[in-house]
Structures are given as C-alpha cells and as structure tokens.
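Morning, everyone. I have a few minutes, so let's get going. Please look at the model on the screen.

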Amino acid sequence: MGNIYLPYKTIIKDIKQETPDTKTFVLAFKDKKIQENFDYKPGQFVELSIYGAGEAPFGISTSPTQKGSFAITVRAVGRVTRALHKLEIGNEVGIRGPFGNGFPYSEVKGKDILFVGGGIGLPPLRSLIYYIFDNRGDYKNITILYGARTPEDLVYKDDLTQWGKRTDIKLMVTVDAASKDWEGNVGVVTTLFEQIQLDVPNTVAFVCGPPIMIKFVIRDLLKMGFLEENIISTLERYMKCGVGKCGHCAIGHKYVCIDGPVFNYRQIKNLKEEP
Amino acid sequence: MKEVLTVCPFCGCGCGIYLTGENGIIARVTPSLSNPVSKGSLCIKGWHISEVFTSPNRIQKPLIKVNGSFKEISWEEAFELISLKFNSIKDKENSFGIIGSSKFSNEDSYTLHKFARQIIKTNNIDSSFTLHYAPLIERLNDFDFYVTINDIENSDLIIIIGSNITVEAPQIARRVLKAYDKGAKVVVINSLKIPFSSIASIYIQPVPEELSVLIETLGKIINKKSYDKSNSNIFKLEEIASLYVKAQNPVCICGEDVFKGVKGGASFSSIFEIFKHRLFPLFTINNIIGAISFGVSPYVNEKKGLNIIEMLNASLEGSIKCLYIIGEDILLSAGDYNRTREALEKLEFLVVQDLFLTETALLADVVLPACSSLEKKGSFINMEGSIQPVLPVLKPLGDSKPDWQIFTELSEKLGNKLFYKDFDEITKEIEKINFLKNKKFLQAEVSHLGDVISDEFPLWAKVDNSRLFFHTGTLLKNSSTLMREIEQGTVIINSEYAKENDIRNNEKVKIISKRGEIIRNAVISDEVLKNIILVRGGLGDFSSNVILPFGLKWTTVRLEKSR
Amino acid sequence: MDNSKTGEEQMNKLIKKENIKLWLNEIIKKYKVIAPYKLETGDFGFKPISNADEITLDYINPVISPVKQILFPAREVMLHYKKKGDSWEVELPKETDEKVVLFGIRSCDLSAMLFLDKFFMEGFVDNYYKSRRDNLITVNITCTEPADWCFCVCADCGPSKEEGFDLQLTEINDNYLVEIGSPAGKELVNIDYFKEAEESNLKEKERLVEETKNNKFKMPTTYFSKAIQNITANSIDKELWDKLGGRCLGCGSCSFVCPTCSCFNVIDEGEDSKGKRVRSWDSCMYCGFTRETSGYNPRKAPGDRVKRRYYHKLSYYYLTKMGSCGCVGCGRCIVSCLGGIDMPMVVKAVRRGKV
C-alpha cells in the first residue's frame, strides 16, 4: 500500500514569469508511467515538496485533458514558495495528489458558464476553462471576466490574448488602475457586469480571487438573481497534509482539503458560521 | 527509551518533566503528575523543549574569530589562546569581568564563583539578576521564601502588582485561577491591561511613575498611618487595605513592571515593607536565584565587585579590557542596545560560552560550546526557593561540555587547579562548607531611576517580550512551533492618542527614545492608557531594547510617522 | 487486529491472580510487551518490560495516554531525504512486523484507540498509524477504582467495554475474568494457566461494574446531551466562549493529554542537503494553528479556539462521522489545563448558558 505522505518525483519542465512575483511551473512526473496515469479533476490541488523548505498546496492550473505534464501558478509569499521561485528548469520537486473535490464540471454540463476571476484567482479557474474548451460541445455560453490591479498583475497574458480571439466565448479583461499602454477596460471586475447579458436561471458562476473581490462579486451576482447553489467558489484555509489528518484546514464539520476547497456559496455561508 | 525526570530549563517555575532521549533527540516530553509545580501540566515552551535543544544551530566545537568569521578549533587550542590572554589581562587592576548565566546549574554557578575569586582573583562577577531584580539587591539579607507555589492556590486574597502573570509564570497563573475558582478575591495593580484584569474585583491602572506612590499610600492605610487622600485611586486603595487586613492568607505577587519599571526601587521597597512574609516575587528565569545564591554576584564577598551594568560602563570608560560571558545574550538583554554594543566592541578580548551563536557570541573573539541542562547533571532553584535536581537525558552534543567542566579545565590551563575531578566533588564541597546557609550579601544599592516624561519624550513605552519571546529569544528561535506563535512585532497605541495624532491601524510608526529608534506596525487598542505605548516583540525583532536604558523595561519616547 | 467477536469462538476464561505474572512472563518470550510501571517518583508510565515483576496494575492513568504514546507518538520521522546530484533520495522509515502487546490499559484509553482507529484508518489511510495498529494486541482492564477526575460512564466509555479489545481482564476476588475479544486475544490465552469461566463469574463482573458505576465515581455527572445539542445548533453566546478564552493560557496541554486529539504539524528538519520530515503534535488552541501565510487568522481570539475545540469534540456532525463523541471521560483535561477549562466544566457552562 502506498504511503499517502510520500511525494513522487517530478521535474520542472518549464518556468514562465507571469507577473513580477508570480511564476507558472510546468511539471512532469519523472516516472513516465505515473505521468501517463496521472488524472485529476479541474479544481483539484497538489501538495508540492521542496525538501528542507517544506510542503505547500497549489491548485492545478492545467486541464486534465492536457496530457504529458501539468502546471501550477505560484506567487512567492512564504517559505516554500520562495524556495520554489529559486529553482530552475530541470530541478526536481516532490508532488502528492491530486487532492480536494474539484469543480462540479460534470454537473454543470448543458448550462451557461460565467467565470469571474481576480488576480491570482485565475489559475484554478483556468483548469476548468481549458477542460470546457476541450469539451466545448457539452457546455452552452461561456463568459470569462477577469480583473487585476494593474496590467502587469494580469496572469496568463498569452492565454488571454488567445481567448480573446476565440469566437465561441466572451472574454472581458479589466484592470483597477491602467498603465500608459492599456487600452482595455478600467475598473474593478464587477464593473464588467453591466456590459454582459446573462441567462441567470441557466447560468452557473465560478468565482475565484482575493477575499474582498469575491465578496463584492457574489453580492452583485445575488442581486442579479443567482441562486446561492449556482455560485461556485473556493474556501481558503491553511493546509498542511492535504489528506484530512493534520487538522489545520478543518472548518465546521468539514475539511477544506477533502470536502473542498470548492464549495457553492450556500455551503460557504453555512461553513463560515460554524466554529 | 527511558524516561528521565528533570527540570524544565525555561522559566523560574521549575516544572518537573520526563524527557525520553532517543538517538540523540528528545522523543517525548511528559509533565510529571507528582511534581508539586507541574502537577501534570506544562506551558507551550515546556512542551516544545524537543525542538529547541537538539537544533542543528547548536555550537558543537570551539570557535575562533579570524578576519571577521568563525573558524572551528580544538579545545586544546581554545584553552591555549584563552589562558594566554587571560593571564596577560587579569593581573591589571580591575580589568577583568565575568558575566555568568542565570540559566546554568547551581554547580556551574558555584564553580564559576570559585573560578572568579580564586583563579582570576576578581570580584567583578555578576549574572542578569542585577538586570532583572536590581531593587531586590538591597534586601537580599532580609529576603526569604515564605510563600510556596501551592500556597497561592489556597490563598483567599491575591494582590498582583506589576505583572502579567499569564506571561511571566504560567504555573502561578494556574494557581491564581484555582484560588479564584475557590472564591478568592483578586486585586490587580498594573499599568497595562492584562488577562487577569477581567477577573479582578479591584483593578487599578496607574500611570507608570505613579506606582511607587500608590504602594506607599497603600502601606500607610494598612498600617493606620496618616495618608494623602487626594489621590484619584484612594477609594480603591482603601478597599484593598480593608480586604488585606481581613484576609486569612493573602499573597502579593509582583513581577516585571515593579522590578524593571520606573522607580522600581521605591515601589519594591514599599511592597517589601507591607507584604514581606506574604510576598511572592516572580523570578522568571530557571536558575536566576541559583546564580546569585551560589556566588555569581559581586555582593557575596568582603570586597564588592562591579555588577553587570557597572562592567559595561567600565568597558566604555576603558578600565575593563576583558569579559568572559557565559550563557547570557547581554547585547539583547541589557537594554540600551547601542551602548551595550559599543561596550562589547571596545573590549580587548571577549570570550563567550553558550549553546547557540547569540548576538553577543557573534562579537566574541573565542566562542566555547557549552552543553545544555538536558546533557548534564546539576540542580536549579525555582521561584519558590526549592532546589530540584537536573539529570542528563542526552550525551553532550558534539564537543560541548558542561560549564563547570570548562571552568575547571580552564583553571588548570591558567596554572591553577580548581580541585574538581568530577561533578560529585563540587556537590560535596558545597555541602561541606554549607555554602547556601553561610552566605551573606553585602549591602548595595543599584540606582535604577529610569527616564522621566518630557516635551521631547512625552510617552511611556514598555518593551514587552511576550510569553513566547522569553527574554532574548535565543532558545525559542530554534523551535518552528514556538516561532509560529509569534506574530509580527507591533506597537500598541491608545485609540484616543492615535486619533489625535492621525495614526492608523497597521501604519508603520517610528518610536524614538534618547537612546535610539525602532520602527513597528501600529495596532490601535485600548488595552493601554493614553500616554503609554506597548512595544510588542515579534518575529526577528529581538532588539527592541535599542530604546531602553540598562536593566529597565520602561522608557520615555516620542512617535513619528515612518515613511 | 480484528476485534470483532466471532460468536461461537468467544469464550471467557479465568486465571488465578497468583498466575498472572507467570502468564505475562510467557507472553514476554514471544511478544514485545508494553505495560504500566511505577517510577521512583510515584508517577506512572508505560514501557516495554522484560519481566512481569516490573509492572503494576494498580496505577493512575499517566498524563500521556499509552495509546497515543505507541500509536501516535509526539514526534515521528515520516521520511528521510538526501540530495544526490540533481535528484533527491527519499527513504521511508522501516516498518516492523513485531507484534506488540499493550497490556493493562483502561476502557477510556481503549475507547480513545477505537476513535483514533476510525480517524486515521478511514478515508485516506495513515500508513504510520496503521502499521503500528496492525501489530498491536490490546489487553484492557476493567476499572473498579476510578480516579477523582474520572467520568467515563458519562461518556459511555467505561469502566468496562463490550468490544474493541483483544482481551479484557476483570479482577474478581482471587481470580481475573478474561474476556476474549478476538483471535489474537485467544492466542494469548492458549496456555495452561487458564480455565473456563462460569456464568457466575460473568455475573460477578457485571455486579462489580454496576457497583463501580453507582458508587465509586467522585465527579458529579457530566450531562453531555444538552451540551451536544447546543453546540451543534451553534446557539451559545459568543460571550461565554470569550470568557472561557480569557482563561486559556495557550499551553496546548489539553490537546496533548487528550487521548482522542490527533492534530499534527509537519516540519522539515536538517541541513540543506540532508534531513528528515518530522510530524509532531500540534494544538488547535495555539494562535498560529490556523494563521494563513497572508497573516489572516480565522480563529484569532482565544474564545474562537475554545469554541472550535469543543465543537470538534461534541458536535453532532462529528459524532455521526466518528460513531461516538470525542470525549472518553478520562479526565486528563481536568488535571492538565493551566486555565482550568475542562470538558465537565464546559459542558456545564454550555448547558446553563454561563460560566
């Protein structure tokens, strides 16, 4: 029986600088068989180990339909993330996973999907976005709204350009504060709501970003008539083991690493009331 | 997998703990149920002993400073170099000073006292007792331990003066709560709001410079002398006096803000006069009483030596040329960081003996690796005056040695023998001459007036090393659990003051005293009075003492916005 | 070890008191036996024994539960790592098949073990716990002399158990009644010192247990059900939790001495190129337990943490998840809490609505 705490070796295949403090790491398991069999749901996360620094959870930002490798997008804020940023292509890191419940990608088939992302909240959504692209026929209208503080802070700049070219989705990008060359929307992401038309009863919204952004987005979505069950977001808690044993991420009667981190707004509201 | 009963090496409570040593690490810490102090419980520090003492940061070999960095050498080489320098310096009048640890064992203390007086022939030997308990020094011959830790549990009136007990002595806080649950009344006189303020039936929050007058007045009321009734707290004082007189077994607990507060000498004097046999001062370091009791003090011989502050001043003046500092991070504990640093850097020769490379050790010419109390035999005296044995759980790490052994071997190198072949010889000698009983202290006064409020420095500032900080943080830094519990260093500012001076929450603020300045994030709160700020120690900022004078926790400051 | 009773095989045996040590010495030849012993100080502990003379069955529960001591130790190396060129060499600690007999625990600790079994071995299976648990044989002792702080009856965890043990001993006059709970237990008594127990012995045991329940407990009854109700409904004033939180000294003792507590922290220790990943006990009562890298702390006030702890122990959701409430009534929290906050005290406060 495999040890649930034992990381598997992965190699850093590529590193991309997204913003001054954020990088995307493309990883592949050293053992090709493991990489082949590595399957996950959009919205799940992995625990990344850098021996000596420790372990930390990161949402997978690629879709399981993309084979051969997977990616995570990491901002350098703590011990593990800073150590990770010092690594180079070819270096080895440990991975455990996938963990978490993932997005309800199959339950929302046949519906309109609204993505609302803020700053570093786009990475987990990206996993579902690409899954939907690869299964486009299963979903109806797709709208992606994404905002960051400044143009520099936008992640996946190349992806955004590609998505902008697609005719089967609607993409709108905004920044809080524009720079000289910025020609797009200016204003917080909620200002984009006025510019779109939604079939609210048949739309499911996926929201990820900084807590304050989520708060205002959900407020506006509720005003628009969204049911609480149709607003999907993630709950953040400090995580350690990722397998529901260490106790750090427990909230109410749930473990964020097992029962989450994806929850609908009704569940989040209830959980936040619980000790 | 044997469990060894020993004493926790952190605070002065002296909890009995079982440690299980396995493959060079501590596998388990268990509080003793039968030990009268721990009674089956420990504070957060005790539970995490395992993370601290076997840290890879321990110094394992003697070090010598070469071109600004340290190089490992053998004990032979280290002793050779030290004895050469010591011999050349010690014969010059008053040029040598020894600062002993308040954390090493009684036997280490006694050996160091002999080393100082017989080998180096100096009375300039002291421990941090003078830094932490200066006001007690003039009362040393009158002072005795009348109240035990468990007496507090049975008290019906507990008067807490100048101490945040939950931080200074967790086991005492536990006893106070137990007494409170049994119906005891709790009185708190403290300039800062503390957790026990909420269970106090009478709570006085004096302005720092007012404390000594308050206590003096209380004394007059209790002793039915005439007193000045104009004080704003007079009704509360009268009530306290009345409770005290009626109580069956009252206890007065005093702590840091008396000993290291403004006009601490006067406050303590009054407290001592009123409460003498009912007094329980909090000695918050595991063997600070042992240090002074076993001779690590300039006050135990016919001729008075220099105390720790006088030694630093003497170095600045140029008379003291050499300091031998054992187990004390004086750079961070003395206060007045800049002045202390200058004093240490001015020395001709500095030897530091310690477990870790402390800030003080970094300035040394030679560093000697001592082993911790988990690695040797000994005894500690806790805050109620009980002598408790300490037993080794592990072998000395690397090449480290017990302090008493280093003193003995060094004395041999210096051309004299200290006559101790082994540990038992030391204990035999102590018993034979009945050292503890026959010791008498010289009359001494340590002037500790502190600062005064002025236009330039209109606020009182206290530097609060929170419970986890534990003095200088030397030990704590090695435990990731304990370090996790320390948040960013902050300064607590009264809300009214903040409003008047446009200081917002989380804003960076500069705190300036006449000795130096530091920058901290502001936290607006009403746990402090309007003209007091509380500098809370935090991760990495163990040197808030920049702003403090020697040996005090309080100073006067002004605030400025930091850009 | 499979603790389910297999109907026809379950038999009860009797052994003379004077033969217990002889039996133990036989077991010691074949198994590692961990049993209670008395230290010089008067404290009690559990340790591996080489001779039956070392043990005492007349003991006060040690501060740290023997179940945790063995199955979920305070400090445990999860793996060793070493840099080899560009790669990391990772080694798991060696597992042993050594069978261990945990002799002489009590129903409270046994109940805690069953609780921890469910926690660690359901869902994701904790390998370290399981490998030790699979090799553990438990011999429970029916308690007839509860300590001043015991309240296992209120938690429905003692003084005797119906199942979950490999063997259960009850002192009856000059004998010990031995109830066999599993094939592994049966194996232990496969020796001459035992004879079949009679119906009257079982009746005597029941009588003893009833007498203990009715007369021997010194703690006033802890009425769990209303507390469970109120805590589950989250209907308790914040003030009550804040008052309790004001007493908390943040020592973590409750989490360490509580035999059902299982939270841990994982830290890499060592130098840059070589070290080990260690898990060690952690406490939800520590301020930093839930603090996130951003600095945000969802349980910043001590009262929030007290509330969380008792929610975890008593709420209905956890009760249904785990099959029993998180308290076994051992009373260790009463002994060890520096702030005087313990299960009976909190249950009472939550029922009455005030501290």
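This is a predicted model: local features need pLDDT of at least 70, side-chain atom pairs count only at pLDDT 80 or more; totals for chains, interfaces and linings use all residues.

Start with chain A. Six strands there form an open sheet. Read across it, and the order is S4-S3-S6-S1-S2-S5. The pairing is antiparallel. Which strands stand at the edges? They are S4, residues 54-59, and S5, residues 70-75, both of chain A. Each has a single partner strand, so one side of each is left without a neighbour in the sheet. The twist averages 40° from one strand to the next.

Strand S2 of chain A, residues 22-29, pairs with S5(A) in the antiparallel sense. How many bridges join S2 and S5(A)? There are 6. Here is a bridge to find on screen: Thr22(A) has Arg75(A) as its partner in S5(A).

Look inside the order at S8 (residues 142-148) and S9 (residues 169-175) of chain A. These two pair in the parallel sense, over 7 bridges. Within that pair, Tyr146(A) stands opposite Val173(A) in S9(A).

Next, charges. Side chains of opposite charge can pair when their charged atoms come close. Over all chains, the search finds 74 salt bridges in the whole structure. Take one of them: the side chains of Glu92(A) and Lys30(A) meet at 3.2 Å, N to O. Where do these two residues sit in the chain? Glu92(A) is in strand S6 of chain A, residues 92-99. Lys30(A) is in the loop between S2 and helix H1 (32-37) of chain A. Four elements of chain C give two or more residues to the lining: helix H3 (107-121), strand S9 (175-180), helix H6 (199-216) and helix H7 (224-233). Which element gives the most? H6(C) does, with 6 residues. By class, the lining has 15 nonpolar, 11 polar and 11 charged residues. Why does the pocket lie between two domains? Domain 1 (12-215) and domain 2 (224-352) of chain C both give residues to the lining, so the pocket lies between them.

Last stop, the cavities. The structure holds 16 of 30 Å³ or more. Of its 34 lining residues, Ser101(B), Lys103(B), Gly327(B), Asp354(B) and Leu475(B) are the closest to its centre. That lining divides into 13 nonpolar, 15 polar and 6 charged residues.

The second largest cavity holds about 270 Å³ of space. It is lined by 22 residues. Nearest its centre lie Glu256(B), Thr284(B), Asn465(B), His471(B) and Lys553(B). In chain B, helices H7 (165-168), H11 (256-259) and H15 (330-333) each supply at least two residues of the lining.

Note on methods:
Residues are numbered from 1 along each chain as its sequence is written. Chains are lettered from A and ligands numbered from 1 in the order in which they are written. Side-chain values use heavy atoms; hydrogens and water are left out. Two strands pair if DSSP finds at least two bridges between them. Axes are lines fitted to C-alpha atoms, for helices over the stretch in contact, and angles run from 0 to 180 degrees between N-to-C directions. Ala, Val, Leu, Ile, Met, Phe, Trp, Tyr, Cys and Pro count as nonpolar, Asp, Glu, Lys and Arg as charged, and the others, Gly among them, as polar. Domain bounds come from an automatic or database domain assignment. A salt bridge is a side-chain nitrogen of Lys or Arg within 4 Å of a carboxyl oxygen of Asp or Glu. On a 1 Å grid over the protein atoms alone, a cavity is a set of points where a 1.4 Å probe fits but cannot get out, and a pocket is an open set with protein on both sides within 12 Å along at least five of seven lines; lining residues have an atom within 4 Å of a point. Grid points are joined across faces, edges and corners, and a volume is the space filled by probe spheres set on the points.
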